[in-house]
Amino acid sequence: MTYSILAYGIPILLAAIGGYLTDISGKMNIALEGLIMVGAFTAYGVMAATSSYLLAFTAAALVPALISAGYETLTTVYHGNIFVTGLAVNLLLPGLTALLSVRIYASSGVLSLQTDHMLSSVTLLQIITVITLIVFVTAYGILHQTKAGLLLRAAGLNRRAFEIRGGSPDAVQRTAFALSGLLCGLSGAYLTLSLHAFVPNISSGKGWLALAAIYLGDRRLSGLVYAALFFSVAEYAANRAQGLFDMPASLFLGFPFLITFLGLFVKAMFRSRRNDHKKP
Amino acid sequence: MRRYRDTAAALCAAAAAVVLLLTILSPDPAGTIGSLIRGPFANTYTFGNMLATMSILIICGAGMTISFQAGLFNLGGEGQIYSAGLAGAVIGLLLPVQTGIIGTLLIMIIGTAVGALIAGVSGYLLYRFRIHELISSFLLSGALVYFVDFLISNPLRDTDGFLQSTRQIPQAFRLPSILPPSNLTSALFFAVITAASLAFWLYRMRGGYELRVFGTNPSFAEFGAIPHKRYTILPMLITGACYGLAGTLMVLSTQYAAIMGFTAGYGWNGIAVALIAGNNPILVIPAAFLLAWLETGIRTAMSGSSLSFDMSNVIRGIILLSITLRLAGSRRRSMK
Amino acid sequence: MRDIHKTYASNGVHACRGMHIRIQQGTTHIIAGENGAGKSTIMKILSGDITPDAGSIWFKGRKVNFRHPEDALDQGIGMIHQILHYFPTLTVREHMMIGMKSLPLYARIRPEAIDAHITEIADHYHMYCNPHERVDHMSAEARQITAILSLISRGTELFILDEPPQKVLEAAMMLKQEGKTIIIITHNIKDALAYGDQITVLRGGANQGTFPASGLTRDELSDLIMGEHVKRQEGHRPSNHESPVDRSGEPLIRISALSGGDLQSQDQIHDVSLSVYPGETVAVVGIKDNGLRAMEALVTGKTRHRFIPLSGSVRIRDRSPRQCSSQVLGYIPSDRLETGSSVTMSVTDNIMINMRNDTRCLSTWSLPGGRPLLLPIFSRRALRELTERIISAFRITGKGDHPLESLSGGNIQKLITARALYQDPEVLVCADISWGLDVKTRETLFEAIDQHKRRGMAVLFFTSEVSTALDEADRIAILRHGRLTAVLDNHRDLTAKDIGGLML
């Protein structure tokens with residue numbers, strides 16, 4: 001049970017931390033889904049070529065980080081709308097990985113990894129859990145304990161005030177985008193490596209769920225953990241229920257979206273009721 | 001003038017990117033590009049299919065322009081089309097065949113209402129609770145897509161067929177074909193009428209005028225005592241209604257049933273078409289033609305390959321990217 | 001600073017017209033002038049916030065080129081803006097840390113060390129500062145103190161203070177004794193004379209001269225700021241001064257004990273009562289951000305999300321302003337481009353905002369029975385005629401189907417005025433109507449308003465330019481710190497000096 005919950009939740013949590021960093025920098029990266037796919041594909045490519053987990057993870061982190069920062073820069077320079085470009089990147093990247101897969105490996109289906117020293121899924125989960133733990137603690141520490149985190153928060157709170165105090169909000173946001181790409185890449189790499197294969201649509205909506213987790217987690221770092229945990233418990237319960245009562249899996253696939261939607265709604269309702277009380 | 005130049009530049013950039021991509025990916029680039037361009041005009045079948053695709057794109061795009069003109073972002077098109085399509089198919093299966101043309105109209109009205117209702121929820125939540133419509137429409141749509149998937153593949157599935165789909169609706173409700181054997185039906189007329197009437201409303205009628213004022217400058221709208229509530233909810237309703245109509249028309253004219261995953265990215269395409277058209281419902285018609293040509297071209301050029309879906313996504317992405325980057329000083333209000 | 005020019009691209013206002021200013025190291029230099037004189041603009045240029053169109057800045061004998069506030073801060077030039085931009089939810093300590101350049105990115109926030117540092121500086125300058133406090137919970141004055149502390153800890157040499165409150169002024173004096181240079185932008189003549197060594201007076205985007213503060217009296221300085229306005233144009237507006245306004249009837253606008261405003265800033269009014277009678281112009285003069293905008297918003301019932309009414313009432317012919325149609329209440333907002341128009345829409349689109357419900361603008365069809373059918377469909381011909389009429393009456397250069405942003409600032413303001421007057425409103429509320437416009441445009445606008453006034457329209461207008469008020473108004477109400485300090489009849493001997501004394 002712990003295994004399935006972690007295996008489902010960790011990739012979401014990693015991507016969600018990345019998305020959260022961009023969100024508090026004042027500009028949200030909605031292309032997490034596409035970046036996870038790129039990470040997954042890169043991990044496959046490097047692993048197949050070098051059989052080195054270290055290299056696979058590193059490359060899978062760097063490539064999406066570059067793409068993410070790159071598209072953010074492009075949007076800023078050409079005054080684009082970050083949501084539209086994010087959407088475009090989300091459509092573009094999974095398609096591109098599929099096309100590349102055909103071009104390089106002459107297959108548009110499952111690409112299995114066949115190397116000698118494959119780690120077991122459990123070992124890999126342990127590794128990624130430790131990485132996530134480190135990422136989480138570091139992110140927490142940076143955000144609340146260092147000047148870098150302070151700058152990140154400040155840029156998102158008031159762009160103009162940040163500029164007047166001599167800062168460059170664009171640079172801060174670019175960094176946040178790079179970091180979110182990096183974390184999505186790690187998340188994607190884990191998906192590929194633990195499956196011992198790259199599968200089309202391997203992220204299966206995890207990037208979108210990560211975005212939803214930010215909102216469900218009330219835009220707090222600790223909230224992301226609860227949200228990710230919630231998604232994975234719900235998924236686990238759904239799987240169990242499916243087995244027990246012979247219910248179709250597809251009934252539960254949309255569950256996280258629904259729950260997040262309802263969560264947003266209920267939260268907003270409470271907030272507005274509180275405000276109504278405040279008014280004379 | 002400048003806007004058209006920008007659009008042309010963006011489309012050229014997109015075309016260049018597509019050619020480049022095919023040159024890298026295809027074993028026979030010249031042939032692929034040739035069949036991509038000529039494919040849709042090769043015979044009545046492909047030509048008709050292109051126009052059928054175009055009809056749906058016109059409706060989706062025209063609806064999306066209304067949201068964009070009001071400064072709103074409906075990201076739930078996929079769910080709205082899909083749910084409305086299913087609703088249409090179910091009504092079609094329930095209604096007695098004798099209702100004929102009235103039944104067809106009823107199916108369209110109900111499907112439209114379903115789409116409008118789903119999008120309207122996001123509009124209401126934005127007005128009442130300030131929940132960002134982009135997030136809420138996406139989440140709702142995400143949940144609905146899976147739910148409709150479930151309905152199609154389980155309780156409503158036609159157990160006799162190979163496809164994951166509902167039973168087919170009776171012949172009596174189907175829209176008349178125009179260019180048999182292609183999929184083109186009178187849906188094209190509905191599409192053109194929708195785009196034209198939305199354009200008329202937007203540019204010649206009071207409501208459309210008020211909506212444009214609200215979308216370009218909410219403070220100016222307040223100056224003119226234009227009700228904030230109406231133009232937060234109404235544009236979402238209209239966009240949703242168009243997506244709903246598109247969904248039912250797909251069922252009535254090409255699928256005859258709600259087939260698993262039949263929306264195939266039309267929700268995203270609506271956004272692309274609206275952006276290419278510079279949010280003008282009339283210009284949506286040529287924009288939809290362009291995109292339909294591309295999509296059909298890809299389908300013919302890559303027939304037999306499972307890649308056409310990915311290729312279309314890549315091209316959609318490239319087009320969206322090149323179009324938004326021209327929108328200097330975007331008219332969208334700043335994000336809350 | 002030499003020969004600085006700046007024209008704002010957004011509204012075409014030429015704020016600085018070849019300004020030269022010399023600022024001596026180690027002195028307190030006052031920049032004085034009316035609103036719109038270019039004070040803030042020139043200082044924003046010096047602090048790197050905006051870049052000039054032409055001209056050069058020399059600092060400590062070297063030519064400098066500031067592209068960003070950071071460049072100026074690095075050179076030791078820091079500005080404290082009047083409306084301070086801050087980070088809600090962050091504490092004083094965090095605000096200070098953002099400005100600390102010496103602190104590396106990875107530096108851990110060590111509260112004790114930073115707090116000690118802050119308290120040390122604060123104590124040294126006799127300022128009170130609690131590092132734990134959240135800045136959005138503090139008063140505007142306390143926020144300014146935080147900002148100046150932040151500049152001090154950054155090692156700033158030249159401080160630019162825009163309308164500083166008393167506490168900040170006192171701290172600045174201590175800084176001066178330590179050899180720092182202070183530039184103060186102020187309206188307050190008393191402060192200018194009390195704290196300044198040198199006083200530079202700006203008017204109309206140009207330098208009127210720099211004077212030693214010790215050689216100036218209050219009145220002299222007031223005259224310099226207001227300009228040679230003593231010679232009033234006699235008989236220019238006969239209606240203003242010759243036929244007295246009949247105030248025996250019912251007032252058209254009745255403002256009683258009105259309070260409210262932007263709760264986040266100083267832009268509030270308290271207990272304001274004022275009546276405007278038919279055929280009368282009442283000018284409310286005051287300093288921007290000191291209640292003028294708030295009163296404009298509350299009287300017209302617009303921008304309610306920012307300016308919140310607290311108590312009192314506004315009645316326009318026994319109705320609340322929000323119930324008044326544009327046929328009763330004409331409004332020319334101070335923010336022409338933000339509130340008064342939609343610049344990306346066409347000229348006709350902008351003209352028809354008030355006329356959109358008028359049946360004359362709609363197409364008519366006859367039903368078989370001869371009954372007219374009215375749908376909310378605009379008649380293109382009617383709209384074209386409407387546009388033609390407005391464009392020709394005010395000699396606006398522009399075409400109906402062009403976007404509004406292709407018009408000059410003056411033409412846009414003519415359009416907004418023409419639009420407000422077109423429906424012959426009984427009441428006209430206008431604000432900063434002539435701000436940044438050339439003399440000819442100004443004449444056209446006031447002439448048009450006057451014509452309507454003679455037919456009994458009541459005009460309430462808000463301005464920060466005393467000269468305009470003297471030229472146009474029958475009565476002048478003076479708003480100071482959000483309260484009406486006086487309502488004066490605009491008779492012949494009233495001078496800018498009198499009003500300046502009450503306002504500044």
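In chain A, helix α2 meets helix α3 through A:L35, A:V38, A:G39, A:T42, A:A43, A:V46, A:M47 and A:T50 on the α2 side, with A:L55, A:A56, A:F57, A:A59, A:A60, A:V63, A:P64, A:I67 and A:S68 across from them on α3. Contact here takes C-beta atoms, placed from the backbone, within 7 Å, and helices (H or I, at least four residues) and strands (E, at least two) are DSSP runs numbered from the N terminus. The residues of this contact split into 13 nonpolar, four polar and no charged, with Ala, Val, Leu, Ile, Met, Phe, Trp, Tyr, Cys and Pro taken as nonpolar, Asp, Glu, Lys and Arg as charged, and the rest, Gly included, as polar.

This is a predicted model: local features need pLDDT of at least 70 and side-chain atom pairs pLDDT 80 or more, while totals for chains, interfaces and linings use all residues. Residues are numbered from 1 along each chain as its sequence is written, and chains are lettered from A and ligands numbered from 1 in the order in which they are written.

The axes of α2 (residues 32-50) and α3 (residues 53-77) of chain A come within 8 Å and cross at roughly 145°; axes are lines fitted to C-alpha atoms, for helices over the stretch in contact, and angles run from 0 to 180 degrees between N-to-C directions.

Zooming out, chain A has twelve helices and two strands, running α-α-α-α-β-α-α-α-α-β-α-α-α-α from the N terminus. Its C-alpha atoms fill a box of roughly 65 × 50 × 35 Å along the principal axes.

Note on methods: Two residues are in contact if their C-beta atoms, placed from the backbone, lie within 7 Å.
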